[in-house]
Amino acid sequence: MKQYILKSIAVIIVISLLNSCSKKSLDFVPQGPPVAATFWKTEGDAMAAYYSLFNPQNAYEEYYGRGYMWYVDAGPDMVVGRNNSSAANIKNFNPGAATASYVQDQWKMRYLVIKRSNDIIKNLPGMDIDPALKNRILGSAYFMSGLAYFELTYTYGSDNAGVPIVDTAGVPGDYYIPRAASAKVNYDYIAGLWTKAAELLPFFQALSPADYGSPHKVAVWAYMSKMLLYEKEYAQSENYADSVIQLGQRQLQPHFKDVFSIAANWGSEYIWTMVSNTTGGSELPGVMLENKGWGKYNGWGYFQPTKELYDAYQPGDERREATILKFGDHFTFFGEDRVYSSTNSLTGYQFNKYMEPFSYPDLLHVNPNGDFPTTDLNVPLLRYADVLLIKAEDELMQGKSADAEINMIRNRAGLTSISGATMADLKLERRCEFAGEYANTYFDLVRWGDAKVACSAPLHGANGAEVWPARSFDPSYMNVWPVPQSEIDNSGGVIVQNQGW
Amino acid sequence: MHLNANYPRHALVKKLLLIMKITTFFLFVGCLTASAGGTAQKVTLSQNNVKLEKVFREIRKQTGYVFFYDARVLQGSKSVSIHVKNASVEEVLKETLQTQLLDFSIERKTITIVHKPVVVKTITDVAPVVPLNIITGTVKDEKGNPLTGVSIIIKGTNKGTSTNAEGRFTIDANAGDVLEFTFVGYQRRTVVVGQSNSLSVVMEIEAAVGNEVVVVGYGTQRKKDITGAVSEVNLTGLKSRSYKDVGQALQGTTPGVIVQDEGGDPTSGSRINIRGLGGVNAENPLYIVDGAIYTGGPLNPNDIESISVLKDASAAIYGARASGGVILVTTKKGKEGKLSLDVNAKNGFQNAWRIPQALNAAEYASVSNLAADNAGVPRLPVFDASVYPDGQITRTNWMDAIFRTGKIQDYNVGLSGGSKQSAFYTSFDYRKDDGILLNTYSERYNFRINSDNHVTKWLTIGEHLSLTYNDGQYGTNTTSGYEGAIISAIFYPPSVSIYKPDGSFNGLPDQYAGSYGDIINPVAYLKRLDSHNPQTGIFVNPYVSVNLLKGLTFKSNLAITRNINTSKEFDTRVLETGKKFFNNTLTMGNGTLQDLLAEQTLNYQHLFKGGVHNLNVLLGYTYQKSTYDQFSVYAQDFDREDPQFRYFVNANQIYPPSGGETQSAVLSYFGRVNYSFQDKYLFTGILRRDGTSKLSSSNRWEYYPSVSAGWRINKENFMKGISWLDNLKLRGSWGKLGNLASLPDNAINIPFELLGASILGSPASLYYGLAQNTISNPDLRWAISTQTDFGVDANFLNNRISLTADYFKKITERMILQIPVPSTAGAANGPFVNLPGKAQDQGWELGLGYHSDRSKQLTYNINMSLTSVKNQVTSLDDKVFPNGIGGYYQVRATLDPIRTIAGQPLYSYYVVKTAGTFKSQQEIDNYVNKNGDLIQPFAKPGDLKFIDANGDGKISPDDRVFEGSAFPKFSYGLNANLNYKGFDLDVFFQGVQGNKLFNAVKFTGLNAGQQGYNMLKNILNAWSPTNPNSNIPRVSANDPNNNFGTTSDFYIEDGSYVRLKNITLGYTLPEGLTQKMHINSLRIYVTGQNVFTRTKYTGFDPEVGMDQYGVDLGRYPVARAFMFGINLSL
């Protein structure tokens, strides 16, 4: 009997011990970062949501670094400077452009911005935070969402199909969204977003330096005018350009070369840039630098200007030397004078626009990480000169004189004024002004209908030798880029490829 | 159990206890400790015509003496009548046993009952025809331990003797006499007396007849009773080899268990797949160590006593986590007897067995020039001997420079001992593996204490405690197409010396740097590595076992695991030209896993009267909770890089840390019934119910049933006459098992993610946002597999030959996969979903064993295992994956060879087929489509000829076809060991057949169209007008025909290999010598690993593993090692 009792006691002790060791729950509150139900409560949450809008463009190096520039590279002004079949497929309008790794996530990253904007638009209004901050964050969401749609629309959208619109009123979880009926549908949607953004956002002047980089009213207007120009709504476009110009807050930098200087990051010509520093931002300056930077720094040696671009400049155009380095040119490189030469450049030229950060001694203004060669130079996305030339184009297309705006640009470049400027003059100015920039001179050729001619001829290097064979541009379908193949694969066929690709 | 109603209640309970004690005793053959009921030394008995057992029972009750015997010993004993008063135990036993064929011995308070040795006649009445020989000899068990009390009888006579404490015996016998050796629990042996006067006899445990027990999950089963596909792993050679992990010990040894080394990196492991891949779930076997689900640190292979593997539905006892099979490891335990100390030391070295070579400087330049010429582009000045003569001088063979001879050290000390009440085993192990690439290594410390304490007759308490520590050099990176140790050694110009004259690392020449690729000096890369991940694992597993009633045992098992993983990686500046990093960075992090497992089981075992019905019922309840908390900190910009400054305090820039915690729990109820009828018809049923916190409350519970049955045909009467057949059993099983794959803890409600920096402001600063970056799926359920197995076990020719064969089929449904979503979902990562599709693993496996006559001086064993698995996706959701699942593994963002699609094996190669190279322009011109257009208009002689599989007249990705996978069709192992006198030889071959590897080193090493990299020597064999039969495409700086950019079968090679995994030659010193040295035994041995490899694969090594689906970018090769070892027993 004694044993029997002992055994029972032993078992009871063991079981109760074990029970006390562990509460047998299968329900846990997720630890660490908040979940959907616990977010959107504090001002800190609102700021975290705001910062998330700018993460994709920094986290994904191809956003404003190398990847999107491959599309701009398709024009006649530059070539893929190194052996790179993936990049060549884009440049050559090969079917491989749909699968090239550099551009696979161009959609994805922009839809991250759109989703995060939508979340702000949905959740922020109900939050009890400082009203001024609330307006700025909300306005930023409208602007960033619109900007993402805008870049997607003119790159991939056409009269045949736009890009998918993820509406804030959409059903959560239903993310197989087909493409909009046409680019026009997208543009109208973007106009709605940007109208709200313009209402809510402050002027740049109202921002404290710590908040620079936050969307502002003038940036919205400028992009609105650019979008309307792309839509060929010239009068409306001109209105928005005028809003920017007449406000008088933005001005051309006195010297073209200074536009691309660290000092001018937030200078008078700034409207919208990819904010950069030595840890992140746009790697474009390093991408364009000589391959391995003559042993000093990791240049990647891509995007080399062509003789076609060099020869486009008129004599005396200061922009040519500011834009292109040729053999024998002197420049300052990490504090030392250097004469440009290269044993591996395909064209014998290099873009000079983004070289200022490399002129300083030591690594003062460049990223020490060789895998991500960003600099302290903010890479312009839309600058005041663009607004002037948008207005000029609007004027010309409406039969008005654009001499004033074109001459502002010419004069700054050290060129004499002209009168009775034509579209041909405007086209030249755009080409010379924005070569190697995200203003996207390639798309200018497309929308002007000039791409077939411009993109079919062979391209040449400094010594006159052909460096890029003739391509064949078929405007019947190449006016838009193929949708990244991963989108089509991942959507289970809901997203359809652009016709012809 | 028969109750007698006349007993008073108090006495009844006592009686019950008594019956229980003794019956349990009989049931557990060989399990023989118990404690005293009384304490008196004198016995008073008055019994008439009772069974011996009853007398023993009475003696024990009165004296507390414990009886030790095999129940079968008493078979055939006569009933006795005995009447004694205050007699000594000896007297009573003598009187009781005088008429029996039984004898006894008493040691302390233990009485051992054995068969009576037949007394050797000292006087012979008849003169011998042949003079008698005095035969002396020893009897040992298979492990070389002497056996005491073995009875030896000359067959056909009543002459006999038994062995003494040292296992020795002496007997007079004639040549030609047959000696018969018998011992409880061992197989009967017969030895014919020859000319020799000394005999050495090895007796085998009665394993082959199926009485040995096999661990089957929450208990053990006799092998003969098993109805599922349960393998015991052949651990021969375990002591002589040096293993990275337990997986290596399983490779090739066990049918159905496919083990692949994931390369030879000392820090990499091996991957175990039991019976296939189990669909697209990340399926892994579940490890159970000493009965507890094991999530602790790496096991010490020297601690392992046995391993059994549950391969089929019998794993259902582990329910939701058992779909990938269960590996049950039992560690060593102390044994009653004198303390024994076992020391095993191994020391040796290892080398790469094959190193493909890169071009020398002059060859590099000339191939590059040829490439330029063939492409019609100007030669680069860097390769022009007149412009840059320095570039033609070979200064470094980079491939040889990065490899070295590595040292392996492996030391193990085990100490064990115990008494009847208490036994322990403790061990310490240290292993260091210096890899064959510079500055790579792994090391491991293991410490273990196991103890078992029989506190009372009904209460056992024990524990398993282990402490592990392991670390190594990580970050060697041999899996990238861009950078890393091996690929850089191929790419790096041989004209560059390793060091500059000042001793610092040399880089590319500044003037021509841009003509070479972006590469880091590979020696510098390796020597700079400082990436450590020390892991400390503490595993504490106390248990309590209570014998409640006759046959009814309660067991409680508690396991607490704490794994502390600390990581520290310091990346130095890289200032030599090539690919510069001006900053240095430090990342440190910590992750701690805390796991608590509480298991309660009740086990009831009953052998019904007459032994016709045998029932074993198990009921259990477990709860497991895991918590993982982690943080990580990143900093950069350290002024000084000396090791003593590599701490955050010296960083100029520290980024905000990240961190969090996840929790999960599993709650389970389970039961198992084993029933056998007449020892012939066997049945097992299992039901388990699991619930997990990882799923929402409506989906988290699931039942896992399994049934299995066996028929021991040889027990049937009609088989009685077949003497050569010792055992023949048919088995069949069916069941459902679960799998949660690598589902994260919060998949149904994923927290916001702390994102990388956003850059804003003036000055531009870093800001960190939060966003939902992964889509939650509250509707998730467990993946489920249905497993069916048919098997046969047979033993022939006196158990010399054993055979196990199984056919199996496993269908996996509701596979869990994190699917890619269209971007419009707005999250970087898609949700985990249950795929509406099925995958199937189907195949057969065979185990064959043979052992020679143990009585011969030369003995040998041969074991073979063979597995054939065919895995296939039988259906997949067409909406989400109209073209299957791709993008698994890409080579330099260009080749994308892996695809999973319905109707094909998982992770199949999806490639354009080639038909060699075009030999002539005419061949190109003749290769036209039905319109007469050239199919490959850009081709030139020497370019690859691609097959237009879809017949559309052009070559495009649409021409891709499926071309097999890296998963072997067959995998096999063959082990033979030989013993002769003191020598032992163990040979182990292992191989796979029918797998294909994607040799992507061809893309990086035979392709002259890349960014100025050096290439492999084999490019000299490329097609040229003078070498027109080569299948390596012509050398060219451009590739209009897309020879290399096309994902084609040019890269696919046969990955089959057969490898002499191990060969060991050992010598055990003669006993006489070791006795003089006062040691138990001493064995010295030499062992070689991967000594010999036969393969058609042209890469470094065919053992590249499945983690990259067979895509080999120059994986760290598996090394060839030679070691010397000493095994000393005290």
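Helix α15 (residues 384–397) and helix α16 (residues 403–412) of chain A pack at about 140°, with axes 8 Å apart; axes are lines fitted to C-alpha atoms over the stretch in contact, and angles run from 0 to 180 degrees between N-to-C directions. Helices are DSSP runs of H or I with at least four residues, and strands are E runs of at least two, numbered from the N terminus.

The contact (heavy atoms within 4.5 Å) includes L388(A) and L396(A) of α15(A) as well as I406(A) and R412(A) of α16(A).

## Model and conventions

This is a predicted model, in which local features need pLDDT of at least 70 and side-chain atom pairs count only at pLDDT 80 or more, while totals for chains, interfaces and linings use all residues. Residues are numbered from 1 along each chain, chains are lettered from A and ligands numbered from 1 as written, and side-chain values use heavy atoms, without hydrogens and water.

## A helix pair in chain B

In chain B, α2 (residues 52–63) and α3 (residues 89–97) pack at about 175° with axes 12 Å apart, and α2(B) and α3(B) are therefore roughly antiparallel. Among the contacting residues are F56(B) and I59(B) in α2(B), and V92(B) and L93(B) in α3(B).

## A sheet in chain B

An open sheet of three strands has the order β53-β52-β56 in chain B, with mixed pairing, where pairing requires at least two DSSP bridges between two strands. The edge strands, β53 (1052–1054) and β56 (1111–1112), each pair on one side only. Strand β52 (residues 996–999) runs parallel to β56(B), joined by two bridges, and N999(B) has D1112(B) as its bridge partner.

Methods:
Angles under 35 degrees count as roughly parallel, over 145 as roughly antiparallel, 65 to 115 as roughly perpendicular and the rest as oblique.
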